Amino acid sequence: MDQTALVTRQIRAFDPPSGRWLLEPGSGGVAVPALAGEFTRPATSGESAGDLGNTITASPSAVLKPASAKDVAAIVRFCHRFGITVAARGHHHTTHGQSLAPGGVAIEMTALDRVHGVSDGLLHADAGASWRAVLACAVEHGLRPAGLPGYLELTLGGTLSVGGIGQEHREGGFVDRVVELEIVTGTGALVRCSRTREAGLFAAALGGLGQVGIITAVVLELLPAPESALALTLPYTDSAEAFAAVRALAGQEEVDGVFCVVVPPTATTPPVFQVLAHQWFTGTAPNPAAALGAVPVPISPPQVETRSYVEHVTRFDRLIEGMRRSTTWDAEIKPWFDVFLPDNSAESFVGEAVAGLTEDDWAAPLGFVLVHIHRRDAFTCPRLRVPEDTEWVWLFDVLTTSRPGHAPDFAARMLERNTRLWADAEALGGVLYPIGSQELDGEHWRRHYGDTWPEVVETKRRYDPAGILTPGARTGW
């Protein structure tokens, strides 16, 4: 960046009567605190103004690229004083404006991207570090994170703020492997917390949608890394058979992960439920016969592949990056729908929902559907809400992506679809995973948090009394 242009945009003061940031010191405003990082007005109307969904844009009035957590604390403290909203942004992979700060301060956390290292089986990293960088550091020590997102170019802080769901069905959310956090609360206090130290803040921040603080650093538990993965792919056109295969595989101790990708239909073929499973190993590859013998016969012979551990966990990165280079995927509208379903209703709900998806819902070839199975008892963090009283929970994601030249009302129709799907899912005991495109009101949030709602409200008032944090989540707490 041209340093002269940067200096001319560097914010020096704030004028409370007008709510304007000032570029000249001594011009009658209140001086901003001294910062080591960049604190500027947006260079363009689009800077820090959108997210992956491309359905909502809202420009901040200022953008912070912090040099340290102290910068984050100083700005949040200043914003608390004057009632200015603040939102932390990672790689902004939510789809309905959750990371936006309309008229407020956007903190670009990718400026804090250092992975500090591993000691005693624990990884220490700044919250803006990507899972890709975390993986690289962990494997150098013969270790791995417990579960990884399908796409690794997401930040630690962002995924931990929403919960984080991977492909290993016994691991719960990514939040369940966090040992310690560094957090800037809504008053600007910089706090270290864990299950035994500032435990209330720790519990409220993990999966807490950025409502009680901005995560600035993470200590993460690691597991031994295998050398390789035995990967199975089993295609089905019958959703009941696909569910039976997923259940059978999830019930086998030797299977370490299983989920389903539903591939869009074509003019001559129905949707294909591709059941994907893997087993970690070091040394001799295991025989897949036992796993395959327990599942319904797929429509074509199962694919069996052996990959290195790193090759396996980065395979979707390569697919997505290729798609981003060769298509308009980044620019397209993504009105995604994400919901957790209890085991007793998941199969019927997913089967009916997939059967009812239209050509626009699929928006092939860029759109698809994901179905993940997880053990309910693996989820231990109270803010990451999942259905109760069920052995298994299923995460159902409709990842619609528009085609180039889509109709002007495409986003509105997809949001209406999401509202219908959500009403049906909630009636069956479903719980929203709030990373997608959904209009929510206060009554929904009360239902969402159930008996924990009073605690949610109390911790919000305690740690963010001015209500300035993460306004894009539109919680209204």
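How many positive and negative side chains does the protein chain have, and how far apart do the centres of the two sets lie? I looked this up in a predicted model. I found 38 positive and 55 negative side chains. The centres of the two sets lie 6 Å apart.

**Entry: the whole chain**

I turned to the overall build. The protein chain holds 14 helices and 21 strands. I checked its radius of gyration, which is 23 Å. A compact globule of 477 residues would come out near 23 Å, so the chain agrees with that expectation. I also noted the box filled by the C-alpha atoms, roughly 75 × 55 × 50 Å along the principal axes.

Next I looked at burial and surface. Of the 477 residues, 57% count as buried. The accessible surface comes to about 19,000 Å². Carbon and sulfur atoms own 53% of that surface. I then took the contacts with a separation of 6 or more, and 70% of them join residues 24 or more positions apart.

**Entry: a three-stranded sheet**

I traced an open sheet with the strand order β2-β1-β3 and antiparallel pairing. Strands β2 (20-22) and β3 (30-31) stand at the edges. Each has a single partner strand, so one side of each is left without a neighbour in the sheet. I followed β1 (residues 13-15) to β3 and counted two bridges between them.

**Entry: strand β13**

- Strand β9 (residues 122-126) runs antiparallel to β13 over five bridges. Leu 122 has Glu 221 as its bridge partner.
- Strand β10 (residues 143-145) is also antiparallel to β13, with three bridges. Here I found Pro 145 partnered with Leu 222.
- Strand β11 (residues 178-185) is joined to β13 by seven bridges, again antiparallel. Thr 185 stands opposite Gly 213.

**Entry: Gln 252**

Why does Gln 252 count as buried? I placed this residue in the loop between α6 (239-250) and β15 (257-263). Its relative accessibility is 11%, and buried means under 20%, so Gln 252 counts as buried. I looked up what Gln 252 touches, leaving out residues up to four places away in sequence. The contacts are Arg 170, Ala 290, Ala 291 and Ala 294.

Technical notes: Residues numbered from 1 in each chain as written. Predicted model: local features only at pLDDT ≥ 70, side-chain atom pairs only at ≥ 80, totals over all residues. Heavy atoms only, no water. Helix = DSSP H or I, 4+ residues; strand = E, 2+ residues; numbered from the N terminus. Rg over C-alpha atoms; globule rule 2.2 N^0.38 Å. Buried < 20%, exposed > 50% of the residue type's maximum accessible area, 1.4 Å probe, protein only. Contact = heavy atoms within 4.5 Å. Areas by Shrake-Rupley, 256 points an atom, 1.4 Å probe, with all protein chains shown as cover. Lys, Arg positive; Asp, Glu negative; His and termini not counted. Charge placed at Lys NZ, Arg CZ, Asp CG, Glu CD. Pairing = 2+ DSSP bridges.
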